[in-house]
Amino acid sequence: MAAAAQTNSEGVLKPGQLIRPIVNASEVPALVSRLYGLTVTSVKELNSYDDKNFYVQVTGPSQNPHITNVCTHGYTFKILNSMDTKNEKLVDAQNQMMLFLHGKGFNVPKPEKNVFGSYMKAEELTPPPPDDFLMNNVSEDQRQEYMVRLLTFLPGKILHQVEYTAELFYECGAFVGKTDKELKNFQNEALLSRKSIWKLESTPELRNFVFAVKDEGRRKMITEILEAWDMNVTPAIPKLEKGMIHGDLNEQNIIVQPDASDSDKYHVSGLIDFGDIQFSCYVFEIAIAIMYMMVEVNVMEPNDVGGHVLAGYLTERDLTETEWGILKDCVAARFAQSLTMGAYSIQQDPGNEYLVVTAAKGWKVLADFWGTPKEQTISRWKSVIESYQRNG
C-alpha cells in the first residue's frame, strides 16, 4: 500500500513525505488555455527539485485581458509542490519579490495574471493511473491542490551549461551582492517566519535524513559538519546581518548570455527560481553560491573558487570578522544539505535526474574542501581577492 505522507505543520519536510506534483506534459496545454487564455504550441519539462516546471511556447493573440503583450520568448508554467501550496502568503511573497526586482531593472521572471486577475490559483490535480512509484509514495487521498503560476521565460543559458571561468565567478559574486543590496529595500512579513529544510538555519534538521547516505565515511563527514555548525555557526547567528535573500543562487538558477563580440564568452544576465526566498543571514547567501560553483569547475581547483566569487561580492558588500569566521562552515553545510537531501530524494523519486546533479562530483569536492584546514582555505580565498585588488 502507499505510504501516507506525514503531516507537518511547521513547513519542514519530514522523511516519507512526497510533495512533488505528478503531472504529465500532455496536460499542460489545456491548463494554460483554461487559466491564462494562451494557445500552447510546445511543452518541455524543466529541471526542478520539488515542483513541476514546464517551458511553454505560445501562438496567436491572448484571450486573457491581463496579458496584452505576449512574451515572445515563451513562459515557464509552474506547478508548486503540495507543501508550499498551502502557504499562499509565501507564494505571494515570491511573486512580489520578482515584481519588485523586475521593477528595479533586474532580469528576472515576471509573474503574469491569469484570466481571473490573480497571479496564482490553486488547482486540484489527480495523478495518472498508479505505477510502482505511485503505489509506494502517494497517500490514499491522491487528489491534492497545487498552486499554479505563469512566469515570463528568460532567454539564455543556465550557468551549468557553459564553461566556468574566473571572470564568471567574479560576476556571479558581484551579482549576489548587488541583488541582496537591492533586496534590503524589499519587505514581506510572510518571509519572516518561513521554515524550510532548505534554509541554511535548518542544517541541524539533516540529522533526520542522514540515514539516506549509505556510505559510512560520508555519513561520518556529514556528522562532523553538523557538529561544526552547532559549535561555530549557531552561536553566531544572533550577531549576523539579516535581510530578504534569494536563498538558492546555484548554477541552475543563474542565467548567462554570450558576449556581443565573442560568442564563446559569457556574462551573468539574470536570475530565476524564487522558490527558496527567505529572511536569513546575508553570509548564507554567498556561502550557497560558492558551494554550487565549486562542484563542476575545471579551470581551477574547487577550493579556489570561493576567492573569485568573494572578490566580486566584496565590491558590493563587506564581510564582518564574524562572517569570515563561519564562512567555511556555511559552505560545508550547504554541501551537506544538497548531498544528504539529494540522497534522500532520489529514493523517493528515482527517475528525477536533477536530484543527482550535485552528487556526481559533490562528494569528492566536499571531502577535499572539508579536509582542508579552515585557516588555509580562508588564506587562499583572501590571496585571490588581493590579486583582483592589485590589478585594479
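Reader: Which residues does valine 331 touch, not counting residues up to four places away in sequence?

Author: Happy to start there, with a note that this is a predicted model, where local features need pLDDT of at least 70, side-chain atom pairs count only at pLDDT 80 or more, and totals for chains, interfaces and linings use all residues. Residues are numbered from 1 along each chain as its sequence is written, and side-chain values use heavy atoms, with hydrogens and water left out. Contact here means heavy atoms within 4.5 Å. With those close in sequence (up to four places away) set aside, valine 331 touches Ala287, Ile290, Met291, Met294, Phe369 and Trp381.

Reader: What is the strand order in the open sheet of 5 strands?

Author: Strands are DSSP runs (E, at least two residues) numbered from the N terminus, and two of them pair if DSSP finds at least two bridges between them. The pairing in this sheet is antiparallel, and the order is 1-2-3-5-4.

Reader: How many bridges join strand 1 to strand 2?

Author: Strand 1 and strand 2 form a hairpin with 5 residues between them. Valine 43 has valine 56 of strand 2 as its bridge partner. The two strands run antiparallel, and the number of bridges joining them is 7.

Reader: In strand 3, which residue is the bridge partner of lysine 52?

Author: Strand 2 (residues 52-59) pairs with strand 3 (residues 75-79) in the antiparallel sense over 5 bridges. For lysine 52, the partner in strand 3 is isoleucine 79.

Technical notes. Helix = DSSP H or I, 4+ residues; strand = E, 2+ residues; numbered from the N terminus.
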